[in-house]
Amino acid sequence: MLRCFALLAALILVGFTTLEAHADRRVALVIGNSQYREIPALKNPDKDAEDVSKTFRLAGFEVFAAKDLTRLQFEEKFRNYLAAADGADLAVVYYSGHGFQIGGENFLIPVDASLKDAADMEVQAIKVNDILRQLRSRSKIQMVILDACRNNPFPRKDYWLRDQLIVAGDSGLAQVTGSQNTLIAFATEPGAVAYDGSGDLSPFSSAFSRRALTPDQEIRSVMAAVRRDVVKATNGKQVPWENSSLIDDVVLMRGTEQPAPPPDTEQDQQTAERGIEAAAAAEAIGNRDIRVPVGVGPVPLKLDFPTKDAGVSLKLASYPATGTLSLPDRVLSPQSSLKAAEVGNLRYEPQIGSAAPVDIGFQIRAGSAAKQATVKLSPNVDPCDQAAGEPLDLQGVVPGRLPNEIGGGAVEACEAAVKSYPDIARFRYELGRTLLASGRIDEARQAIQEAADKGHIRALFALGSIGSVDLAKANDLYSTASDKGDPYAMAVWGRALFDGLGVQRDTGKGLDLLLQAAAMGHVDAMKNLAMIFKEGRNGVPTDPDRALAFLKAGMERQDVYSMGILGLAAHLARPAVMACKPPKVITKVKVVRVPVSKPKTIAPTVPVTPTVKPVPPETGRTPWSGGNQGANRAGGGSTGGGQSEGGETGSDGL
């Protein structure tokens, strides 16, 4: 019996040890919008964002920080953040800037928003609920903190939301309910307005930064302290508010690390000598440029430090500007210290979307001696990602290529990536894309199935678009991927629900999903919405101006079909630059129909395997005309589906 108790105690101890050794993945997106173009600038948000970013970095978060984001810049930043937050223990979004409610929906306002027309809210602003949906599908715990409770500063007060024209009449932000393990915090109570304060920081962000760094304080205690501070600073005019469904404790700042104990006085001279030798050897580290792959998790740096002497300690003199440093048992912050024996276990995870080299600065001490050393880290994107990454893949690390842009050598690059990183599902999916582009359908399906089995969401969508998949099964795959936040799947499943394609019609849910996909930058969803609003389908009112707004949004994202529908030449020599601007005279969508003779017979469309060829470096994207196996199913699309890739989506016109 005693042996049984001893064994049970040992197992419990191992369990606790394993739990303690796990380095939580905590990711924060911090945005401060101050310099608005159409309305007066705000005083504090850029400084608020800088201060809060430092707070989260000191607490050991990977921080995506941004200021004065346009709508397109927000989409890109948010997609990179979501890729990093996939599987995170805690995902946080902190926003300071203009934000207000319309019809109970909260919107954050990019700096380039004009909101002059009734359709502008859907194509220019960012819905808070869309942010929450994405976080819920990717992280264990979610926090959204909004210092954005202000009145609508724009002259217009009525906007389209779904199928209704809503008049904005309330102040501040509306109350938001979250799912399990979510905290949503507001700078002030629902329906009230927050204050900028008299200093450089708003009362709310100032109190949050100060209180959040209290060691070992649970977040609900932190927010209670923030509330007391803000009420006092504003004489009771502003009362911070939060909705919490947390079931787990959340501690932002864990207990401060204890520095290594100093050596005994008798051994000081000997330790100093050894430390000087170690510091001199560490100078060689600064001559190294370590290449670190992006999107494969924390990468061991394998720094060969020449001593493990407990009397030698290291402190981070400079933390990488982006990305995260960690040890197997903990994430390091800019104030962390290391023991000499831990240096060999140091790891770095580059930030997705940031390719600039970064430096790590060390201050090495032994006795009274000190020495500085610097290590240079260069993030690099795997050749497989470069060759076959897919647009709007929320688990991807690059802007992506369309199927007809996958060139020669892509299969070999992705086979090498799968071999090097067998647990990274993204590489298996990208291998499937390259095999599909090469016409090796069965091999492609197997690779994509393996990616789906390993948790790659886009792979679920692709399985419904390959070959002769049963319509009911395809819809199930689209529905599952849509629930997990994939924009391609939301667009196809939304269209199926809206039109009742192989499923019972649900116009409201279908329209919502199409709007969510468009909000993530999916241009096919934008074209579908333009058709719905132009024609007035399934009870949705006709509004050509609203249709035009979505076509313009597609054009801003360099979609050639949107440009063609608007009658604009698509010159895309450099996709990153606007190739053409909408003429100011365009105010309405005009339909011009040319009568054609009706053919006696219609030949069936035969899928064509695309010819793979290298993409010239200076050419832009051209429409995908490859195998359209899914054209008769909900949403159509080509073998990979999505951004202007389907034969069906390309044929839509106004």
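1. Cys 384 and Cys 414 are both buried (under 20% relative accessible area with a 1.4 Å probe, protein chains only; exposed is over 50%, partly exposed in between). This is a predicted model, where local features need pLDDT of at least 70, side-chain atom pairs count only at pLDDT 80 or more, and totals for chains, interfaces and linings use all residues. Residues are numbered from 1 along each chain as its sequence is written, and side-chain values use heavy atoms, with hydrogens and water left out.

2. Cys 384 and Cys 414 form a disulfide, with sulfur atoms 2.1 Å apart (the cut-off is a pair of cysteine sulfur atoms within 2.5 Å). Distant parts of the chain are linked: Cys 384 sits in helix α9 (residues 383-388) and Cys 414 in helix α10 (residues 410-420), 30 residues apart. Helices (H or I, at least four residues) and strands (E, at least two) are DSSP runs, numbered from the N terminus. The S-S torsion of Cys 384 and Cys 414 is about 95°, so this disulfide is right-handed. A search of the whole structure finds 1 disulfide.

3. An open sheet of 6 strands runs β2-β1-β3-β7-β10-β11, with mixed pairing (strands pair if DSSP finds at least two bridges between them). β2 (62-67) and β11 (241-244) are the edges; each has a single partner strand, so one side of each lacks a neighbour in the sheet. Twist averages 10° from one strand to the next (axes are lines fitted to C-alpha atoms, for helices over the stretch in contact; angles run from 0 to 180 degrees between N-to-C directions).

4. β1 (residues 26-32) runs parallel to β2, joined by 6 bridges. Val 30 has Ala 65 in β2 as its bridge partner.

5. Helix α5 (residues 128-136) lies across β3, β7 and β10, at about 160° to β7. Contact means heavy atoms within 4.5 Å. Helix α6 (residues 203-212) lies across β3, β7 and β10, at about 140° to β7.
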